[in-house]
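Here are some friendly notes to read alongside the model. Please keep the view open as you go through the points.

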Amino acid sequence: MPNSVSAADASTLSAGAAKIDITDYSAGPVNDPLYVKVVAIKDDSLTTVLISVDAVAIGEIGRIKNDYLPTMRKRLESELGIPPSHVLVNASHCHGVILPDITDHTVRAVKEAISHMTPVRIGAGSGSENRIMENRRLKLKNGQEIDVRHAYSLPPDEEVAGVGATDPEIGVLRLDRENGETLAVIYNFACHPIQGVPNGANTADIIGYASQVIEDNLSEGTLALFLQGCAGDINPAYYKDVDHPRSAEPLGNLLGLSTLKAVRQIECKPDNRLAMLNQTLTLPRSDLADKIAELDAEERRLLGNLQGTTLNFKTFMSLMLKHKLSPEFPSYYSHRYLYDEVQERSDLRSLDAQNRKAVQAYLQNVFTMEKLTRLQANRALLRKHQTNMVDSGKRTIDVEVTALRIGDFVLLTFPGELTSPVGMNIKGNSPHDLTYVAGYTNGYIYYCPTVEQMQNRGGAQEDSDCLLAPEWQEKFETTAAEMLKQL
Ligand SMILES: [Zn+2]
């Protein structure tokens, strides 16, 4: 007898989806709504709840406070019987402003999703998008790294030697109703959604636009739930553009369309594989006192480098332009220089030489000022984490790592801002083809750069807005690999 399992015999998963607008309309103008979104999935014995919030982080910074995760989970347990370890909540990391009572809205969205559970067929796949983002860490010729932020200036172009890697993969899980209509799309991608919109209003940024494009182009009522990936070192493309209004809309539309391309290639099947593992990992914290002292010394050195010149900004700008426009004859028409030559005078040439020297000195002061702003911004981050560590009285921090399988879709989550090399390591070492990694999940522990990136401590946000010691990376990646093996 051939295998003859009929569709009716094959066990399937059930799923329900819901979203609730959590935009704080009292906080100022709104460009597009921010949501809490839920996809609940269950088999015979297990209900898992995936939640995404259009917010900067699950605790620590922004509107979501540290009691959100435990309180929300406790309520889901007491009101719906869902164990805390089966609840996963990811922040899209957009910098929009949400309502303060986010716990109530989350619980309400979960209840709504659970009340609409329906049998589903599922499928997973990968898409690709490489046009909307860039690695924000620049490798400099002096061996240091610097990141692309609005908080400070970039160094002169000629000091930049190279750029870091990006991961263009979009992880996609498609959930279809039994009649073939799409119920939900879960997608994972790595990029800081911080491009903003030209009018400066509240926005879910790239993710808001991407999800809207996906929802508008599939069956009526489809929910697109985004899981932010390893975006720690990934910025939107043209993040520092000052010649065009910066807008998340074209970037989000491209991400949405690339996700749809992958969605359409996925064939959904009955599949009842659902598993979730949950582990607390204790990671080492860094003592940053020496690094802070080093930066204090560097600050004194830079301040000592500032030299007085005869110029101010007004005279510097006009001289700078004239010397760029006509390096040979900056101060007057060429005939006057020729006339000087005939008369065996060098008055104009002498003036130009003095001015060139003054312009150079003024420019050096500008570059020193830019270095100082970078140093101060990054040292402030180091000081904040050093104070927090001293206040906590602990040299370790506990984080929650989860591993999830829904059919072929495999997800590993972590609370920090993982950088792209970490994500690619975990994917590369996973025994499962369709493995994706989500940072910003079930808590927030700031940036988590690689050991190599950490050598640049104090030089860029990712290595400064960080409380971990370098040993964290191996510990986490080993745990991640073990958990993925168990799925
Ligand atoms: Zn960030």
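**Notes on the fold**

1. The chain has 12 helices and 19 strands; helices (H or I, at least four residues) and strands (E, at least two) are DSSP runs, numbered from the N terminus. This is a predicted model, in which local features need pLDDT of at least 70 and side-chain atom pairs count only at pLDDT 80 or more, while totals for chains, interfaces and linings use all residues. Residues are numbered from 1 along each chain as its sequence is written.

2. For the overall picture, the C-alpha trace spans about 110 × 50 × 50 Å along its principal axes. Of the 487 residues, 46% count as buried, where buried means that 20 or more other C-beta atoms, placed from the backbone, lie within 10 Å of the residue's own. Taking contacts with a separation of 6 or more, 79% are between residues 24 or more positions apart; two residues are in contact if their C-beta atoms, placed from the backbone, lie within 7 Å.

3. Now to the domains, whose bounds come from an automatic or database domain assignment. Domain 1 is given as 13-285 + 398-486, and domain 2 as 289-392. Their centres, taken over C-alpha atoms, are 42 Å apart. Where they meet, 15 residues of domain 1 contact 14 residues of domain 2. The domain 1 side of this meeting has 7 nonpolar, 5 polar and 3 charged residues (Ala, Val, Leu, Ile, Met, Phe, Trp, Tyr, Cys and Pro count as nonpolar, Asp, Glu, Lys and Arg as charged, and the others, Gly among them, as polar).

4. Do have a look at helix H8, residues 347-392. From its first C-alpha to its last, this 46-residue helix reaches 67 Å, close to the 68 Å expected at 1.5 Å a residue; the expected span is 1.5 Å times one less than the number of residues. Which partners do the buried residues of H8 pack against? They are strand E8 (145-147) and helices H5 (289-305), H6 (313-325) and H11 (461-464). Among the buried residues of H8 are Asp352, Tyr362, Arg374, Leu381 and His385. Just after H8 comes Gly393, with a positive phi of about 70°.

5. Finally, helices H1 (residues 68-80) and H2 (residues 102-115) pack at an angle of about 35°, their axes 10 Å apart. Here, axes are lines fitted to C-alpha atoms over the stretch in contact, and angles run from 0 to 180 degrees between N-to-C directions. The residues making this contact include Met72, Arg75 and Leu76 of H1 and Val107, Val110 and Lys111 of H2. By class, the contact has 8 nonpolar, 3 polar and 3 charged residues.

Key:
A residue is buried if 20 or more other C-beta atoms lie within 10 Å of its own, exposed if 12 or fewer, and partly exposed in between; C-beta atoms are placed from the backbone.
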